[in-house]
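Subject: Structure for your files

Hello,

Please find the structure below. My notes on two of its interfaces follow it.

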Amino acid sequence: MNWPAAQNEAIKHLAMKQFSIFIKKEFTHVLRDRKTLLILFGMPVVQILIFGFALTNEVKNARIAILDQANDPASHQLITKIAASKYFETEQAVMNRRQMEDAFKRGSIRLAVIFPANFNNELLHQHNAGIQVIADASDPNNATTLTSYVTAIIQDYLAALNKTGQTPYRISPEIRMLYNPQLKGASNFVPGVMALVLMLVCVMMTAVSIVKEKETGTMEILLVSSFKPLLVIASKAVPYLMLSLVNVASILLLSVFVLDLPVNGNVFLLFAESTLFIITCLTLGIFISVKTSSQQVAMLISLMGMLLPTILFSGFMFPIENMPVALQLISNIIPAKWYYIIVKAIMIKGSGFNAIWKETLILSGITVFLLIVSLKSFKIRLS
Amino acid sequence: MNEPVIKTNKLTKRFGGFIAADEITFTVDQGEIFGFLGANGAGKTTAMRMLCGLSIPSSGQATIAGFDVYKQTEQIKKNIGYMSQKFSLYEDLTILENIRFFGGIYGLSDRQLKTKSEELIDKLGLQNEAKKLVASLPLGWKQKLSFSVAILHEPKIVFLDEPTGGVDPVTRRQFWDLIYNAADNGVTIFVTTHYMDEAEYCNRISIMVDGKIKALDSPANLKASFGVGSMDEVFYELARGAKRSD
Amino acid sequence: MMEAVVVKDLSKVYDKDKTAVDAVSFSVEQGEIFGLIGPDGAGKTSIFRMLTTLLLPDGGSATVDGFDVVKDYKQIRSRVGYMPGKFSLYQDLTVEENLNFFAVIFNTTVQENYHLIKDIYMQLEPFKTRRAGKLSGGMKQKLALCCALIHKPSVLFLDEPTTGVDPVSRKEFWEMLKKLKAQNISIVVSTPYMDEANLCDHIALIQSGKILSVDSPANIVRSYPEDLYAIKAENMRSLLKALHQYNEVLDSYAFGEYAHVAFKDKHPDLSKIRTYLEQQGVNGTDLKKTEVTIEDSFIKLLKN
């Protein structure tokens with residue numbers, strides 16, 4: 001069929017007009033509902049305060065790197081000891097400082113131990129050798145736990161050595177905390193709270209507001225009109241996308257000015273990645289709303305089915321490394337996990353896009369998948 | 001003559017500046033079928049809530065089955081039954097389970113429950129449906145069951161809020177047979193309805209307009225005093241002057 | 001002239017075995033008021049939802065304005081007006097906002113078809129900045145009607161617009177429908193109130209998913225097979241009891257202040273009946289022939 005251009009134009013114009021009045025209506029709903037509004041914007045603040053108390057966790061199988069510039073008997077002995085520990089998984093392949101730094105940025109290692117060139121000599125002849133321990137302190141709990149494990153192993157090694165000689169040997173570890181030298185807990189939970197808040201706002205609010213139209217019967221009227229049903233969904237998403245961006249901004253402002261935690265990376269990149277995650281959450285919300293018909297059920301599924309996994313599997317409350325393999329695998333399908341890694345990388349490590357492109361790709365994949373599934377299951381009729 | 005079972009004197013309920021029920025005064029005798037009519041928003045629901053002990057009046061007096069609506073709401077609740085427009089049984093329980101549950105709530109003993117529920121199922125002819133979910137019953141049957149459950153504990157008064165809304169004309173009449181039977185057994189019936197033919201089945205009716213009782217008499221006397229032939233016209237005469245609606 | 005709605009053997013089955021609508025057929029002429037009269041649960045809402053393309057039929061077919069409800073759902077959606085049973089507007093938007101919103105959604109403006117809703121909207125105008133949730137029941141209903149009319153639909157579907165509404169507001173509502181009919185809008189309306197049947201041009205009496213009868217109200221009443229009598233007595237209960245036991249009686253039931261009675265005999269001996277009632281101790285009787293109403297026809301059809 002060949003539409004005349006003018007008619008085509010008119011149809012586009014109508015769709016835009018319908019779209020915009022719908023979005024306007026959504027904003028009116030949100031702005032008139034004072035209580036929800038308070039929760040929406042009060043929640044980030046409250047959560048940041050609540051999660052201020054970080055939790056201590058034991059860390060197992062943390063990936064660490066060893067930079068052996070000495071390559072002598074003493075360093076080999078100590079490396080064997082460290083490698084034998086159940087707490088670490090040693091990555092020997094690290095060659096130079098640059099590579100080590102990259103590994104830190106990528107997040108593939110949590111800690112590095114560096115032996116100086118003449119470690120054996122200094123230890124045996126001067127009875128005092130230096131050693132450098134560098135930890136990724138963007139997760140401060142992890143960092144302190146890991147460094148204490150390393151020093152414990154070193155002490156253990158010395159104790160065995162000192163049994164034989166008269167003059168005690170000493171190794172003085174020089175500990176450096178990368179990214180977060182003051183070990184601020186905030187650096188850990190701010191990205192977590194961002195993931196949580198966005199999840200809550202986008203998934204739950206979208207799901208509930210679409211289901212509400214079904215419950216009150218307005219969906220029936222909308223369906224019996226020339227309005228494209230998919231526009232209903234698109235117009236629901238826009239206001240919550242905007243609200244969520246406001247929330248991201250407010251959390252970042254809080255973290256910079258109240259918690260003294262700067263954004264080390266590119267702010268635009270951070271917002272772009274957040275927008276991607278918000279879209280993921282919106283599609284999740286839409287998916288829930290397509291599958292349910294009452295507000296309570298929608299809310300329950302959003303809370304139990306989305307929020308709980310986010311808290312459990314994103315890695316910000318419980319280290320994923322410690323979980324059984326099955327749970328670690330599950331954590332991979334949780335969008336919040338990837339967003340959490342991305343935010344930490346940008347905010348704390350100051351990484352650029354090249355360090356997080358993989359996570360971004362995974363997140364985009366999940367989003368596209370969800371979008372296709374929910375569009376496929378969207379019904380243009382009742383039941 | 002016995003003391004009236006419902007007695008109100010200038011009963012009033014205010015919500016802020018809004019007077020929902022305005023100095024309502026009337027009495028209802030034992031075993032009487034009392035129709036409580038009014039346009040939407042005239043204050044019927046508010047008045048009924050006060051009489052059931054669900055809402056404390058702003059001023060005035062009322063006694064229900066001899067108990068004071070201010071201080072003895074618990075005793076009132078023990079002596080009344082209530083059935084609302086919206087079906088008030090559990091859809092996901094069977095008929096028998098519903099009867100047992102509500103009987104239990106009203107404090108019937110196990111033995112009473114057993115005999116009562118058998119009696120009721122026989123009376124309604126629901127022997128084959130007793131173990132089916134209430135959700136599977138037609139609306140008319142639900143309403144009849146709901147009414148029977150509301151009088152299971154032999155209350156002195158039963159309040160019915162639009163019990164026959166949307167029910168077919170045959171079942172509606174069967175429902176009124178149940179009401180008559182209960183009234184014959186001495187239960188006082190206090191009923192609201194939008195069906196004007198049902199107003200004719202009441203011994204006396206009151207018509208509320210804008211929070212006040214504008215008329216109170218037997219259907220025949222009301223028609224005579226308004227000089228009209230049907231309750232529909234009486235109602236229309238009174239309610240069309242109404243200022244407010246809900 | 002094409003019919004506004006044609007329904008042929010339309011069926012709807014829920015959960016595989018619950019037949020809500022059972023091979024229903026009727027047609028609605030253009031510019032008439034057609035009433036679906038029946039109690040709750042008769043299948044009225046399911047029929048409405050199939051005609052407004054919200055539900056797919058499980059059997060039979062239907063057209064609205066010549067369009068098929070399954071294939072041509074898009075065309076139907078842009079040309080019908082629909083008012084669901086529940087109040088289905090945005091409670092947190094004002095009267096004006098609701099109306100504007102639905103106007104745009106339905107691809108029109110309030111000004112374009114203002115003449116259609118003018119009479120109704122004038123009553124709402126004083127409250128136009130009030131939120132819909134704060135309106136009275138009658139006002140909500142008027143607003144919903146305005147919203148359903150705003151795009152000048154050719155067929156208007158009203159699902160139980162008067163349920164739970166008091167007699168005065170019901171009368172007003174039917175007055176509005178008459179005016180709309182005069183503007184050549186076809187109206188399909190459902191109601192559980194039998195007395196509203198007389199206000200329709202044609203009606204379908206419906207119970208348990210089946211149509212008992214379709215015709216004009218006058219024809220339905222005319223086809224009542226027996227003569228119907230109304231009897232009044234001082235005590236209605238004893239009258240009904242006595243009539244029930246009388247074997248000359250075909251059917252009897254309460255009807256407002258009277259009992260309606262049909263006799264087995266085409267020409268019953270009224271004096272014999274009076275004597276019988278007196279013997280039974282029923283006093284103050286008044287016996288006369290009476291007009292059949294739709295409710296009588298419905299009861300008759302239900303009992304068959």
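Between domain 1 and domain 2 of chain A the count is one salt bridge, a term used here for a side-chain nitrogen of Lys or Arg within 4 Å of a carboxyl oxygen of Asp or Glu. The side chains involved are those of A:D136 and A:K349, at 3.6 Å from N to O. α7 (186-216) and α13 (335-349) of chain A each supply at least two residues of the side of domain 1 that touches domain 2; helices are DSSP runs of H or I with at least four residues, numbered from the N terminus. α13(A) gives the most to that side, with three residues. By type, the residues on this side of domain 1 are three nonpolar, four polar and three charged (nonpolar: Ala, Val, Leu, Ile, Met, Phe, Trp, Tyr, Cys and Pro; charged: Asp, Glu, Lys and Arg; polar: the others, Gly among them).

On conventions: this is a predicted model, in which local features need pLDDT of at least 70 and side-chain atom pairs count only at pLDDT 80 or more, while totals for chains, interfaces and linings use all residues. Residues are numbered from 1 along each chain as its sequence is written, chains are lettered from A and ligands numbered from 1 in the order in which they are written, and side-chain values use heavy atoms, with hydrogens and water left out.

The domains of chain A are domain 1 (5-54 + 185-377) and domain 2 (62-178), with bounds from an automatic or database domain assignment. Their C-alpha centres lie 42 Å apart. In contact (heavy atoms within 4.5 Å) are 10 residues of domain 1 and 10 residues of domain 2. The area buried between these domains is about 890 Å², with 45% from carbon and sulfur atoms; buried area is the accessible area (1.4 Å probe) that two parts lose on being put together, summed over both.

The other interface is that of chain B and chain C. Here 31 residues of chain B are in contact with 27 residues of chain C, and about 2,300 Å² is buried, 58% of it from carbon and sulfur atoms. The count of salt bridges between chain B and chain C is four. One of them joins the side chains of B:R173 and C:E295, at 3.1 Å from N to O. α6 (169-184), α7 (196-200) and α9 (231-239) of chain B each supply at least two residues of the side that touches chain C. The largest share, seven residues, comes from α6(B). This side of chain B divides into 12 nonpolar, eight polar and 11 charged residues.

Regards
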